[in-house]
Amino acid sequence: MSNFLALHTGLSGVRAAQAGIETASNNVSNVNTPGYTRQRVDLSTRPTLQLAAGRLGTGVNIDQISRMREGFLDTRVRATSQGFAAADTRAELLQRIEDIVAEPETGLTGLLEGVWNAFEDLANDPSDTAARQQVLSSLGAVAGRFQAIDAGLSQLRADTAARLDDGIRDVNALIADVDRLNKAIFSASAGGDPPNDLLDRRDLALDELTSLTGATFEVVTAEDSSRYGMVDVAIDGQPVVDDDGVTTLALGADGTTVTVDGGEVGLGGELGALQQALADEGDLARWQGELDDFARDLAATLNAAHGAGVVDATGADGGELVHGETAAAFTVALTDPSHVAAGQGGGPLDGRNAEALAALRDGALPSQWRSSVVELGRATAAATREADASEALFTAATSARQGAHSVSLDEEMVSLVQFQRALEASSRVMTTIDEAMDVLINRTGLVGR
């Protein structure tokens, strides 16, 4: 009896070692697979057998192939990922606004300096037609820059809206994927151990959902539940995956409002930053408003100063020099250089009005734009610092999770050697028992024949 027991004991060791080798091989194969969690073989001793000489061990059980997953590390990563995604997205958008404004290299500041210089040259020689034409040309360059900045900001708004729309589609696909994986995991778990590959795919989908929207979720742990092991997902408190199935997100006609089952929700993560940027008081509206305000104030100031002068060719008041209710509408009103009001009624050599226009460079207008540019720079720098700090937290959390969850080739090599030696030893045990049984069965009682 004991020989047969020992044979089965050795066999259990062989099977456990084989499972260990196969699991280590699977880990090594998936070392670069996104979302893969390192697996291990969970072993336990078999029940002992009571014999006359005492209790005898009967080998080893393979309990399950488990994932080396730590829930609190997932929680840390997801909590920091949504903050980093939101901060990084806002910093990126502000950086793009800075690039569009392009101060001081090719922005409005340098072009406005050209306008003031053109009026100075005209004040020095009001009879010079080329100086008059230079005034209109420099104003045309400012108008073109206003329109280019406005077009760039409008395109950025359109790109951001399209990115939000695409993101909503991605979120809805992820929600459907989580629901499908929930059902597959529940079905597979009913027949035995949980399917590690499906659990990894669901965790990866939950990571993406959190980064995109700041979604929260909860695993159903009540063992008597018909959804045991499934995950309920909510966005801003509104359920999107639960026992009723899937509820998708919808983007409103305004391009910024997001609803779940008719109720408005505020998103976190990357899409939340896009949603806030597109809002009426968001970054895009704010800086486009700053640009429009400056265009309007510049037009009003130039027209007031130009209207105080006299056109020598006609004797009429200067009138409008530019149109500019908004940055997009900023244009030069005059086409004839002779209609630039350089003087104040003192004849063809009177350049007092052009001098007054040139003196605007020392007024409030340039300071107004400089203040806007400086504030944009400060906002971008602050957003970048916040993104960097958030990235540091996210990187630390990710590194900690990778240390626990990811495959270490060195550790797997050790495991392979360990299980290889265990397999060899268990096989040797079975060989020894086989030899002993051969002697017992085939050779006992044959001595002396």
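H306 sits in helix α7, which covers residues 283-307; helices (H or I, at least four residues) and strands (E, at least two) are DSSP runs, numbered from the N terminus. The model is a predicted one, so local features need pLDDT of at least 70 and side-chain atom pairs count only at pLDDT 80 or more, while totals for chains, interfaces and linings use all residues. Numbering starts from 1 along each chain as its sequence is written, and side-chain values use heavy atoms, with hydrogens and water left out.

With a relative accessible area of 0%, H306 is buried (buried means under 20%, exposed over 50%, partly exposed in between, with a 1.4 Å probe and protein chains only). Leaving aside residues up to four places away in sequence, H306 touches G318, G319, E320, L321, L334, H339, V340, A341, N353 and L357, contact meaning heavy atoms within 4.5 Å.

Zooming out, the protein has ten helices and 13 strands. Its radius of gyration is 38 Å, well over the 22 Å that the globule rule gives for 449 residues, so the protein is more spread out than a compact globule (the radius is taken over C-alpha atoms, and the rule is 2.2 Å times the number of residues to the power 0.38). Along the principal axes, the C-alpha atoms fill a box of roughly 150 × 45 × 30 Å. Of the 449 residues, 40% count as buried.

Salt bridges come next: the structure holds 25 of them, each a side-chain nitrogen of Lys or Arg within 4 Å of a carboxyl oxygen of Asp or Glu. R90 pairs with D283, and their closest N and O atoms are 2.8 Å apart. R90 belongs to helix α2 (residues 71-101) and D283 to helix α7, so this pair ties together parts 193 residues apart in sequence. R90 is partly exposed at 32% relative accessible area, whereas D283 is buried at 13%.

Another bridge links D312 to R132, with closest N and O atoms 3.8 Å apart. D312 is in the loop between α7 and β12 (322-323) and R132 in helix α4 (residues 129-190), so parts 180 residues apart in sequence are tied together.

Elsewhere, bridges that share partners join R67, R69, D74, R78, D200, D203, D207 and R401 into one network.
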